[in-house]
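Hi,

Here is the structure I promised to send over. Have a look, and then read on for what turned up in it.

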Amino acid sequence: MWIAAAGIGLLYVGSTVLTPLYPIYRRQFHFSELIVTAVYAVYVIGNLAVLFFFGRLSDQVGRRPATLIALGITCVSALLFLFANSVAWLFPARILNGFAAGLGAGALTAWIAELEPHGNRGRAAIVASAANLGGLAFGAVLAGALAQFAPWPLRLPYIAFLVSLLAMFAALGLVKETVQQPVRSMAELELRPRIGVPRVPRELRLAFVAPAAIAFAAFALGGFYAALAPEMLARSLHRGAPLIVGGIVALFFACGAAVAVLTHALRGRTAMLAALVLLWVGLGSLTLAEALHSMTLLVLATLLTGAAMALGYRGSLQIINEIAPQQQRAELVSSFLLVCYSANALPVIGVGLLSLPLGPEYAHRVFAIVLVALASLACAVGLRYAPR
């Protein structure tokens, strides 16, 4: 289980290695802030493509083969970043990065749940979410530190990442396969699209609403920090150094990982309600920090929103694990991740477009209001159907 958890963490390292490097890429390749938003957001193209067509792949071929394919695609993505000499290279690299994360996250999340020695779905959700958030934190701080203090700031982070990926290929050979009867030929594979909210079983749809909405808010927060924090730090707080950017993003995700572990005793429903409260307070603090140009308030807001993301993601994933039928677990998890990955990019695109007529600060305020309203309404409608 712990090797599988390390695998999901490593997949997500690749998602935030890029974040502290955005200012360097902008200076070297001469592109605008809107292009930064676009580079970040195309990640979701890979996410949605793989989840739509391959959400059930690991149910059919096995958890290990699906995970190894995801790691191989991640290697190709890292190589594109490593040899990038213009902004055009960044788009396919991010799309492949998203494709690999979507494929690997569905397989590894289901694998962790099946490898948990006592069949404890709540503990499996904690392990998966903590590994996810820990990987996001480590990727940001690793890239920020290497870019700040080491040579080759746009190369060395990806060299270190590739070495880690090669080690993970070897480690996964030690993990037990949990799919008992995998398909033996390509002809047996069924790849027709079946995931998404319309394909959630009818009797589970209302129970699916609340965890999906809270997860949407959680991943929208993550997208905000991973894509927009560098620009906000440089513009409003005049702190655009790679290590500071990486440190703030790492603090957000590391706080989330710690909270996910420390609140393991909370039921999924309780965790989601706590996330909603922290979402209100954290987003209020974040908009105030930007308006007052306060680094202290930004650190406080980062801790609060990091905790909100962790509780929202962990609690919602726990509910999904509890309501998912065994034979449809990876498919339902993939439907859940479809919502998550959409949230990771769509709000960021919206903020980028709103920034053109309104300016970044007002666009960020609209983002905060819409996010809180959506999560609150969905919880009011859907939480009554969640397991208690």
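Let's start with a serine: the side chain of S294 reaches the backbone nitrogen of L297 at 3.1 Å. A polar atom of that S294 side chain also lies 3.5 Å from the backbone nitrogen of T296. Keep in mind that this is a predicted model, so every distance here is computed from it.

Where does S294 sit? You'll find S294 in the loop between α12 (268–292) and α13 (295–323). S294 counts as buried because its relative accessibility is 19% and the cut-off for buried is under 20%. Leaving aside neighbours within four places in sequence, S294 is in contact with L237 and A289.

Next, another loop residue. L21 lies between α1 (2–16) and α2 (22–29), and L21 is buried, with a relative accessible area of 0%. Beyond its neighbours within four places in sequence, L21 is in contact with A143, A147, P153, L154, P157 and Y158. The C-alpha atoms of L21 and P230 are 9.0 Å apart, although 209 residues separate them along the chain.

Just after α2, H30 takes a positive phi of about 60 degrees.

Last, the surface. L34, L346, I349, L353 and L356 make a nonpolar patch of about 460 Å². Which helix gives the most to the patch? That is α14 (residues 329–358), with four residues; L353 is in α14.

Cheers

Note on methods:
Residues are numbered from 1 along each chain as its sequence is written. This is a predicted model: local features need pLDDT of at least 70, side-chain atom pairs count only at pLDDT 80 or more; totals for chains, interfaces and linings use all residues. Side-chain values use heavy atoms; hydrogens and water are left out. Patches are made of residues with over 30% relative accessible area and no salt bridge: like charges are joined within 9 Å, nonpolar side chains (Val, Leu, Ile, Met, Phe, Trp, Tyr) within 5 Å. Accessible areas come from the Shrake-Rupley method with a 1.4 Å probe; for residues, only the protein chains shown count as cover. A salt bridge is a side-chain nitrogen of Lys or Arg within 4 Å of a carboxyl oxygen of Asp or Glu. Helices (H or I, at least four residues) and strands (E, at least two) are DSSP runs, numbered from the N terminus. Buried means under 20% relative accessible area, exposed over 50%, partly exposed in between (1.4 Å probe, protein chains only). Contact means heavy atoms within 4.5 Å. A polar contact is a pair of N or O atoms within 3.5 Å; within protein, one must be able to donate a hydrogen and the other to accept it, and residues adjacent in sequence count only if both atoms are side-chain atoms.
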